[in-house]
Amino acid sequence: MKVTIIGGHGKIALLAARNLAGRGDEVTSVIRNPDHVPDVADTGALALVLDVEAATATELAEAFAGSDAIVWSAGAGGGNPERTYAVDRDAAIRSMNAAELAGTRRYVMVSFLTADPEYLVPLDDPFYPYMAAKIAADEHLRASGLDYTILGPGALTAREPSGLLDPAPDATGDTSTSRGNVALAIVATLDDPSTIGRTINFTDGTVPVTRAVSAARD
């Protein structure tokens, strides 16, 4: 499988790239900073330096050419609302349009557990731009013609991956989720066609990851 990961120097992306490349998949990790090329290369992935915030849909489509799947794991990192909207919403949406242009139908979005209008914080909350941007991007993806899966992990931690998830989490409880488990969920999702067209929310839990993504239901 040829997979293109957007946001390739992120912690989840680096782990996912290593997992995919380690089993023989051809991985291209899109990064903005050329200084990060060695870190990406260390995972076994090919680094592609491209600023997705500035790239057009056509330029992104050229980067996606020949890919079997796109994984969005990029983010502005918070702090600047304008850049948050530019990356987490606008660039994400352009990447979806680019995937359609490139003929790459499989698209996996790394979102978050409470990316839903039900949980949207007030407009004056500092977290509002990120939540609103991600919700808008997820909604665009659902309305697209892509074979999408949206992954909604809980609060991210640096714990070692257990390979065990809770596919029916309580969003008001302990939502701790290892980044390593998110990376494993990306791989399992790409392998499982039953995940297409679904939003899969999860936290760390007790169910093996391959079974968890298959068993999860909206």
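**Pocket and cores of a predicted model**

Helix H4 gives the most residues to the lining of the largest pocket, namely five, where helices (H or I, at least four residues) and strands (E, at least two) are DSSP runs numbered from the N terminus. This is a predicted model, in which local features need pLDDT of at least 70 and side-chain atom pairs count only at pLDDT 80 or more, while totals for chains, interfaces and linings use all residues. Residues are numbered from 1 along each chain as its sequence is written, and side-chain values use heavy atoms, with hydrogens and water left out.

**The largest pocket**

- A pocket is, on a 1 Å grid over the protein atoms alone, an open set of points where a 1.4 Å probe fits, with protein on both sides within 12 Å along at least five of seven lines, and its lining residues have an atom within 4 Å of a point.
- The largest pocket is lined by 47 residues, and Ser73, Ala74, Gly75, Ala76 and Gly77 are the ones that lie nearest its centre.
- Two or more lining residues come from each of H1, S2, helix H4 (81–102) and helix H5 (128–143).
- The lining divides into 22 nonpolar, 17 polar and eight charged residues, with Ala, Val, Leu, Ile, Met, Phe, Trp, Tyr, Cys and Pro counted as nonpolar, Asp, Glu, Lys and Arg as charged, and the others, Gly among them, as polar.

**Thr84 in helix H4**

- Thr84, which lies in helix H4, counts as buried because its relative accessibility is 3%, buried being under 20% relative accessible area with a 1.4 Å probe and protein chains only.
- Leaving aside neighbours within four places in sequence, Thr84 is in contact (heavy atoms within 4.5 Å) with Ala76, Gly78, Arg89, Pro129, Tyr130 and Ala133.

**The nonpolar cores**

- A nonpolar core is a set of buried Ala, Val, Leu, Ile, Met, Phe, Trp, Tyr and Cys residues joined through side-chain atoms within 4.5 Å.
- The largest nonpolar core has 31 residues, of which Ile5, Val71, Ile186 and Leu190 touch the most other members.
- Among the elements that give two or more residues to this core are strand S1 (2–6), strand S2 (26–31) and helix H6 (179–191), and H6 gives the most, with seven residues.
- Apart from this core lies another, of 25 residues, among them Leu60, Val87, Tyr148 and Ile150.

**Strands S1 and S2**

- S1 and S2 pair in the parallel sense over five bridges, pairing being assigned if DSSP finds at least two bridges between two strands.
- Ile5 stands opposite Ser29 in S2.
- Five of the six residues of S2 are buried, so S2 is largely enclosed by the rest of the structure.

Methods
Buried < 20%, exposed > 50% of the residue type's maximum accessible area, 1.4 Å probe, protein only.
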